[in-house]
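Dear colleague,

I am passing on the model we spoke about, together with some notes on what came out of going through it. Please read the notes beside the coordinates, which follow here.

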Amino acid sequence: MTTQLGGPATQRVLPVTEPPAERSVTAAGLITKVLLLGLLVAVAVWAAFPLIAGDHWVGLGVLVTTTAGLLYLYLTPRHVPAKYLVPGTIFLIIFQIFPVLYTASTAFTNFGDGHRGSKADAVTAIQTGSVTRVPGSTEYRLRIATQGDPATGALVFLITDPATGQVQIGDAGGLRPADGNPPAGYTVLTAGQASTRSAEITDFAVPTAAGAIRSAGLSRAYEGKAVRAYDAVADAIKDTVTGKVWPADESAGAFVAADGERLAQGWKVNVGFANFTRAFTDDDVASAFLGTLIWDFVFAIGSTGGTFVFGMFCAIALQSTRMRFRGLYRILMVLPYAMPSFAMLLVWRDMFNTDFGLINNVLGIHVDWLGTPITAQFAVLLVQLWLGYPYMFLVTTGALQAIPGELTDATKVDGAGPFQSFRRVKLPLLLIALTPLLISSFAFNFNNFNAIFLTTEGGPFPADNPNSGATDLLITYTYRLAFGGSGAQYGFAAAVSIFIFMIVAVVSAVSFRRTRAQEEVYS
Amino acid sequence: MRIRTAGVFAASMLCLVGAAACGDGKDDKAAGPKASAATGELVIWADDKRSAALKPFADKFGQENGVTVKIQAISKDQQTTFLTASQQGSGPDVMVGAHDWIGNLVQNGAVDPVQLSDEQKSGIQPGALKAVTFNSQTYGVPYATENLGLIRNTELAPAAPATIEDLVATGKKLKADKKVSEILCLQSGQNGDAYHAYPLYASAGGYLFGTAADGGYDAKDLGVGKEGSIAAFEKLRALGEKGDGALKRSISPDNAIATFTGKKCAFLVSGPWATADVKKAGLKYDISAVPGFKGGKEATPFLGVQTFYVASKGKNKALAQEFVTNYVTTPELAVALYDAEPRPPALTAALEQVKAQDPDLAKWAEAGKNAIPLPAIPEMAAIWEPFGKAEAAVIGGADAKTTVAAAAKTISAQIK
C-alpha cells in the first residue's frame, strides 16, 4: 500500500518545460478590472483637486506616481507576485506605518492646547484679541460701498454718525466727508454681496487719530485700537499702552516677558526629547508609574487568563456528549458577547453602587465596591471576566473540535485519567492554536481604556494623590496627565503612547518566540 | 495579447476620462454658487437641540440678507471638534457653546472678540456679560444662563430650608420617619463633582481663584489649599458618610435626579435641566437657592452661560460678526432658544417675556442672582479633577487637611 500523502510523484514535478498557458480572460474579469482601475483613477482625480488647491505639490507627486504605478502594474501581464503584494503593502503603509510615523513626529513637538498653530497664527490672534474700542468714541452705522463692480471694485466704508446723521467715506487713506447719501458714484453693497468679500471687510481699517475704524459685522462700525502689536525686528509683542515687551521664545513656542509672564497664544515648535524625558523626570508622572505598570500587568494577565480559563472550562463542559440541550446552553453562554460592551460597562458600574446597586441589595451587604482599592480591582476583573469569557468559550470550542477524538481514545488506552489526558494532550494542542489569540487579548487588555474609564475612571484615588488611582491602567493614567489638567497635550500623549507601544511590543515578541519554540516541540 | 492589453488600456482611459469629467462636474457644482450668484455662506455649529431651534431663525437671517445659512449639529465633544476643525480650516463661522470654553479657545486663537455697543451691552444681564468677558475683552454673545438651585419635594418638606443645618435636620427627621432613604441628593460619585459641591464650598469660606485687577480671575491666586478651603472641606467631611450622611459617594450624576423623582429624598441640588424630569414624575416641588451654612457666607452657585462665538478661522467673518453681534442680541431668538430648552435667557428683555409664562424660570433666576461666573481661564481645567477627588475623599471620611494639601499640590503643578 502506498501513502496518498503528497500525491503521485510524477505530478509533483513543476511543469517548467511546458510553455506558459495563455491565461484566459473572462468578460466578467475584464469588466471588474476596468471598473476597479476606473474607480482608482476616479479616487485619484477626486483627491487631486484639494491637493492642487492647497499647493501640496509633493502630495500631488506621490498621488500621481502611485496611481501611474498601480495602473502600469495591473495593465502589464508581468510582475504577477507584485499584483498580489501591492494592495496589502499600500494598506499597511496607510493604516499602520503612517499613523506610527505621525505619532512619533508629534511626540517631538509641543502640539496641544495653546500650541496648535503656527507663529503667524499666534501673532494674528494676539493682535486681533487686543483691539479695544477707543473709550468714548462714537458707535457708527456702517454701509459698505464701491465705485466699481460690487464683486471686485475697491471697497469703501460709508460711515454714518447716528447722532448727527453725517455721512463720511472711509478708506485706507482715512475719513473724508461725503456729498450726498449715498454719495454720487458709489454703489452700496447688499449683505449678500458684501458677505462674498468677507475677508476684505474684516481686514479693512480706516485710520483715525485715535486708532482705526473697523467693522463690527456688516451694519455697525467702531473706532478701535490694537493695543498689542508684533515687532518683526525685535521678534517680540509690544503693548503700546504699558510699553511691556514679550520677546518670542522659540524653544517654548510662546511670547514670554522678562518677568516670566507668558501670553496665552503660543505656537507649535519642536521640543526634541523633552516629552520623553518628562515621562521619567516629572514627579507626578514618575511617582506612580511603577505601581500603575504592575497593576496594568495584573489587569491584562488577569483579564486574559481569567476569561481563558473560564471560557475553556465552559467549552470542555459543553463538549461532553452526555449533556442535554447543549445548543441552548451554548447560545446562552454567548449572550454577554452579543451585548454592546459600552452599555454593559455602565450597567455594571451602577450594579456596584454602594447604596443603590443590585449586588449589595441582592446580597444584603453594604460593601463600598468601587470605593476601596482591593474591591474595585476585584470588581473590574469580574466585569472583564463576564464580558470576555464568551469569546474564549467560542474560540476554545472551535479549537477543541479540531483535536481528533482518537488522541483522547489513545490516552485512555495508555491508562491516563481524564485530567492527565487533558493536561498532557488537549491543553498543549489547544495552546498552540490559541496562544496568538491570548497574546493579542493581552495586548488589547493592557490598553483597555473603556473597561476602566467607564467603570471606575481609574479610582478609587488615595486622599493624598489625585493623580493615580488603584485601577488606573497606563493608558487611563496618561490620558488624565495628557488631557486632564492643562488641556490637551498631544505631544506628551504621543510620547507616552510610544512607551506603551514598546512595552506591549516587547511582551508580544517574547511570547511569540516562546510559542514558536513550543510549536517545534509538539510538531 | 498586445491587442488585448491595448483594449484594456483604451477602456481604462475611457473610464479615466469619464471619471475626470465626473470629478470636474462635481467640482463645478461645488464652486458654482461661489462664483456665479453673489451670496455668501454662513456655517453655524451647535449641539443637537439648539441646531433644531436655530434653524428657522437662521433661515430668516439668510432670507433677509440674501445669504445661505447652514446649521450643523455637533453631538459630542463640541469644543475639541471645533478646535481641531478650525485648525484644519474646515471649521464653522459661528460656534455655539458654553462660556467656560473661552480661555482655551482664546489661547488657541480660535475665536475673535465681538464689539458690542453700549446699548447692546445694557440689554444683557450683568452676570452673563461678565462671564463672556476675558482679559477685558468680550469674546461672545450670551443667550442663556444656568445655575444650580435647590429643588425640594413640597409634600415632604413644605418650607424652604434657610441653612444647610436646617436642611439636614429636616432630612434626618424624614429619614427617621422612613419617608425617605437619603437626606440630600447632591451628586458626587466616586470621583466627586466640583461643580455641584461648589456652592457649599463657597458658603464655608472657600474660593477657587482670586480676583485680578481687571475684574477677571487671577490664576496666580489659587484658593484651594488656603485656610478657608481647609475649613470648607472640614465642613463637607462633617456632612459626609462618617458624619451626618447627607453627602454620599453613592449618589452619582446617574442616579441623583432619579432618586429625587423616586421620592427617596426630599432635596435635590441641580439645575434647570432637571426640571423636565421632575415635572414628568408628577411631584409637587419648589425651587429655591442652595442654602448656606449657618453663619457662613452665601452658597453661591456657578453661573454657566451659553454663548455664540465668532470663529477666528471662519471663511465669512464679517457675516458671522453681523449675525452674532446684531442678530443674536435680539430677544426673539433668545425666546425661541428658550422654547427649545428651558434655560433662563441672558437678555433681560427676553427673560422678562418668558418669566410670565414659566414660574420656574423666575425661581431659577432668583436662585442664581448671586451666582458667580464659572471661571473661563484655561487654568480652571486643572481644578476639576483634583477638586472633585478631594471632595469624594473627605465625603468618605479622609482627613481634610492632607487631602486639600494634595489637591492643591496637583493643581498648582498643572497651572505652573
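Chain B of this predicted model has a secondary structure that comes to 17 helices and 14 strands. Its C-alpha atoms fill a box of roughly 95 × 55 × 50 Å, taken along the principal axes, and buried residues make up 55% of the 416 residues in the chain. Among the contacts in chain B between residues at least 6 apart in sequence, 76% join residues that are at least 24 apart.

The domain assignment of chain B gives two parts, each written as a pair of segments: domain 1 covers 41-146 + 304-373, and domain 2 covers 149-300 + 377-415. The C-alpha centres of domain 1 and domain 2 of chain B lie 29 Å apart, and 19 residues of domain 1 are in contact with 14 residues of domain 2. On the domain 1 side of that boundary in chain B, helix H4 (102-107) and helix H15 (359-367) each supply at least two residues, with H15(B) giving the largest share, five residues. By class, this side of domain 1 of chain B has six nonpolar, seven polar and six charged residues.

One helix of chain B may deserve a separate look, namely helix H2 (residues 48-65). At 1.5 Å a residue, the 18 residues of this helix should span 26 Å, and because its end C-alpha atoms are 25 Å apart, the two values agree. Just after H2(B), Gly66(B) takes a positive phi of about 65°.

Turning to the interface between the chains, 73 residues of chain A are in contact with 66 residues of chain B. On the chain A side, the elements that give two or more residues are helices H2 (27-53), H3 (57-75), H5 (119-129), H6 (191-195) and H7 (198-203) and strands E1 (131-133), E8 (212-216) and E9 (220-226). H2(A) gives the most to this side, with 10 residues, and by class the side of chain A that touches chain B has 30 nonpolar, 30 polar and 13 charged residues.

Over residues 490-512 of chain A the chain is 100% helix and 0% strand, with the end C-alpha atoms 32 Å apart, whereas over residues 369-389 of chain A the chain is 81% helix and 0% strand, with the end C-alpha atoms 22 Å apart.

Lastly, is helix H15 (residues 405-413) of chain A buried, or does it lie in the open? Of its nine residues the number buried is zero, so H15(A) lies largely in the open. Just after H15(A), Gly415(A) takes a positive phi of about 90°.

With best regards

Terms used
Residues are numbered from 1 along each chain as its sequence is written. Chains are lettered from A and ligands numbered from 1 in the order in which they are written. This is a predicted model: local features need pLDDT of at least 70, side-chain atom pairs count only at pLDDT 80 or more; totals for chains, interfaces and linings use all residues. Two residues are in contact if their C-beta atoms, placed from the backbone, lie within 7 Å. Helices (H or I, at least four residues) and strands (E, at least two) are DSSP runs, numbered from the N terminus. Ala, Val, Leu, Ile, Met, Phe, Trp, Tyr, Cys and Pro count as nonpolar, Asp, Glu, Lys and Arg as charged, and the others, Gly among them, as polar. Domain bounds come from an automatic or database domain assignment. The expected span of a helix is 1.5 Å times one less than its number of residues. A residue is buried if 20 or more other C-beta atoms lie within 10 Å of its own, exposed if 12 or fewer, and partly exposed in between; C-beta atoms are placed from the backbone.
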